[in-house]
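User: Hi! I'm new to this one and would like a friendly tour. Could you walk me through it?

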Amino acid sequence: MEVLSPLISSSSILVIGSGGIGCELLKNLAGSGFTAVEVIDLDTIDVSNLNRQFLFRGEHVGLPKCEVACIASRKISSTLGHTSSSVPGVGFYKPHHGNVKDNSRFSTSFFKRFTVVLNALDNVSARRHVNRLCLSADIPLIEAGTTGYLGQTTVIAGKQTECYECQPKPTQKVYPICTIRSTPSMPVHCIVWGKELYKLMFGDATASMLFEDTVESDEPSTFMEPVVDSRLKPTDSPSFDSIKSYAVSALTALYTTEINKQLSMDRYKGAAKVPVAKDIEALMVKAEEWWKSNEPPSTKDNGEKIIWTDEQCCHELFSIIKEVYTTSTSPPALFTAATEFDKDNHLSMRFVTAASNLRASIFSIETSSFYTAKGIAGNIIPAIATTNAIVAGLQVLELFKILKHGVSKIKGVCKFTYCLRDKTRKGLFLQPTSLVSPNEKCYVCRNARVVLSVNAETTILQTMIDDILKKKMSFNSPILQIGCSQIYEDGEEEYEVNLPKLLKDLPAGGIKDGTILTVEDFEQDMEITLEIVHMEFDEEDENQFIVGGDKPKPKPSKSSEKEEDDVPGDDNLGDSTAGAADANDNDDDDDIVEITEEDNANSLRTRKRGRSEEDDGAVAPKKARGGGEDEEAAIAID
């Protein structure tokens, strides 16, 4: 420690995230003598954090995590006699309450002030951004993540080791939309349906998978008019009777009329279990008896862990609808895209639990408690405090190695370490492996050319910017060039005229098969080259592009449809899923869930997690895990 003490005093550390891992990490840093530490975190403290994020107390609920964590860290540091930062220009456990992706505050120049960056993040998008900033600033990044009892720690150093994006991310489990809408067979199907119903009733209805254009549809569902067209206006201060009338009408259409319509069309002929429509009016009569003298079941003792009856679900749904239209708990931007399901929003989670359970009951599917439904709806891996403590400790040990041996020796002295639930054949619960060299086909750290397969004749530039470059590839402010001609720059009005144009109709000859497109992002100090391959996709495909992989071969003709299709392999990007959304970052499910338009259940694409994380974590290299045994897919429970 005598050798490390002066190195610790002269080091400046940036910690990103002050949640489960972050609290443990800050405690370790403060106890080890680090004083020049700054912390970035966007979140505020929720009561659910208190069971494992030990720097927080009940009186801190609602306060920024980073501010409270820094106050606690300064107290720990003061017990060692430290009262200020030992590095000029760097704060003494200084908090930054904000989004790490805000380039106006946290640019490359901001990162260059620090010796090492330690990640304690919980989503892929932010991890990608920090990865790119550290590569740009040429400073080491120590990454960590946990999934229940599993965890891992690694070190990323430009030109020496793999970066965060060198290896593929697991794809999402896929459930066809037709299954969600019409033929559910699992609790998760009903919970996803409940999330979409929340959007249909209170958010941007057109963005819900349950939405139908009643004008163009030949056989529109019976619930569109009573659920969407009859939505009340909070500004009109609707009466109790009008709210009750809307609730009864909407729920009857959803759980009675629509089910009976499908039954009359023999939709479920031959089904193992034929659905039975609910008598909403009868259920509401019972529920109405409680409205005058009782609170919803979710407010009762243990109400979040019991299974609500059908009457209680109706009671809950009516109470929520009433709250939305009459109290300050209503979403701030009702009927807009801003009103999205949030598993941490108690009102929206109550709605999804009640709505999904009524639907599950109709189809003879096991119903879920509020607690279980929240886990499935939010896909939050159970956070184990001891696992967080272990990986945070491993991060600091790797930090000591970097300080002692220098940045240039990282690949030789640092390790990628797995924290295992079950010991290996050698009796180990911690399994270190050597760091891997950069993937030569990584477009982030090796500037490799990326193949983008897209239909240039039907895709507009707006879609390419939003869905491909920003959502899929995590660019913040992309600039696009064809040759020497710039066709788009984020935030510049003069280029907005190009957004609604088809790719093939853009200036400078357009984006077509064989076009070489340069994409630059000054905020991330990053430039890549896209090689465009024109590809036609089936209309029912949810994903209309493929990022990465070798140049795909043309689809076989009808005469050879029975032959095996050529599947693009993982290549430059390392994630050749056809435009799968970053689950982001938020809405996954047990084994991760993604909704697509596929009708063939045999086409479901699944892959076991090859990583550990708190929500979403670092990607593990393709080494033996746990003595060579496959990792079990984790179920999300918060």
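**Helix packing and a few residues of interest**

Analyst: Happy to. Let's start with a helix pair: helix α9 (residues 240-264) packs against helix α11 (residues 310-326) at an angle of about 135°, and their axes are 10 Å apart. Keep in mind that this is a predicted model.

User: How are α9 and α11 oriented to each other, then?

Analyst: At that angle α9 and α11 are oblique to each other. Their crossing is right-handed.

User: Which residues meet there?

Analyst: From α9 there are Phe240, Ile243, Lys244, Tyr246, Ala247, Leu251 and Tyr255, and they meet Leu317, Phe318, Ile321, Lys322, Tyr325 and Thr326 of α11. By class, the contact of α9 with α11 has ten nonpolar residues, one polar and two charged.

User: Thanks. How do α11 and α12 pack?

Analyst: The angle between α11 and α12 is about 145°, with the axes 9 Å apart. This crossing is left-handed.

User: And what residues make up that contact?

Analyst: On the α11 side they include Cys313, Leu317, Ile320 and Val324, and on the α12 side they include Leu347, Phe351, Ala354 and Leu358. The contact of α11 with α12 counts ten nonpolar, three polar and four charged residues.

User: What about α12 and α13, at what angle do they cross?

Analyst: Helix α12 (residues 346-362) and helix α13 (residues 370-378) cross at roughly 100°, and their axes come within 9 Å. That makes α12 roughly perpendicular to α13. His346, Met349, Arg350 and Thr353 of α12 make the contact with Phe370, Ala373, Lys374 and Ala377 of α13. Sorted by class, these are four nonpolar, two polar and two charged residues.

User: Let me zoom out. How many helices and strands does the chain have?

Analyst: The chain has 16 helices and 16 strands. Of its 638 residues, 54% are buried. Among contacts between residues at least 6 apart in sequence, 70% join residues at least 24 apart.

User: Is Leu141 buried or exposed?

Analyst: Leu141 counts as buried, because its relative accessibility is 0%.

User: Changing topic: which residues of α16 are buried?

Analyst: In helix α16 (residues 461-472) the buried residues are Leu461, Met464, Ile465, Ile468, Leu469 and Lys472. Seen down the axis of α16, they fall within an arc of 155°, so they line one face of the helix.

User: What comes after α16?

Analyst: Ser474 follows α16. Ser474 sits in the loop between α16 and β11 (479-482). Its phi is positive, about 65°, although Ser474 is not a glycine.

User: Is Ser474 buried or exposed?

Analyst: Ser474 is buried, with a relative accessible area of 4%.

User: Where is Ala508, and what is its phi?

Analyst: Ala508 is in the loop between β12 (485-489) and β13 (516-521). Phi of Ala508 is near 60°, a positive value in a residue other than glycine. At 40% relative accessibility, Ala508 counts as partly exposed.

Methods
Residues are numbered from 1 along each chain as its sequence is written. This is a predicted model: local features need pLDDT of at least 70, side-chain atom pairs count only at pLDDT 80 or more; totals for chains, interfaces and linings use all residues. Side-chain values use heavy atoms; hydrogens and water are left out. Axes are lines fitted to C-alpha atoms, for helices over the stretch in contact, and angles run from 0 to 180 degrees between N-to-C directions. Helices (H or I, at least four residues) and strands (E, at least two) are DSSP runs, numbered from the N terminus. Angles under 35 degrees count as roughly parallel, over 145 as roughly antiparallel, 65 to 115 as roughly perpendicular and the rest as oblique. A crossing is left-handed if the near helix is turned anticlockwise from the far one by less than a right angle, and right-handed if clockwise. Contact means heavy atoms within 4.5 Å. Ala, Val, Leu, Ile, Met, Phe, Trp, Tyr, Cys and Pro count as nonpolar, Asp, Glu, Lys and Arg as charged, and the others, Gly among them, as polar. Buried means under 20% relative accessible area, exposed over 50%, partly exposed in between (1.4 Å probe, protein chains only). The arc is that of the directions from the helix axis to the C-beta atoms.
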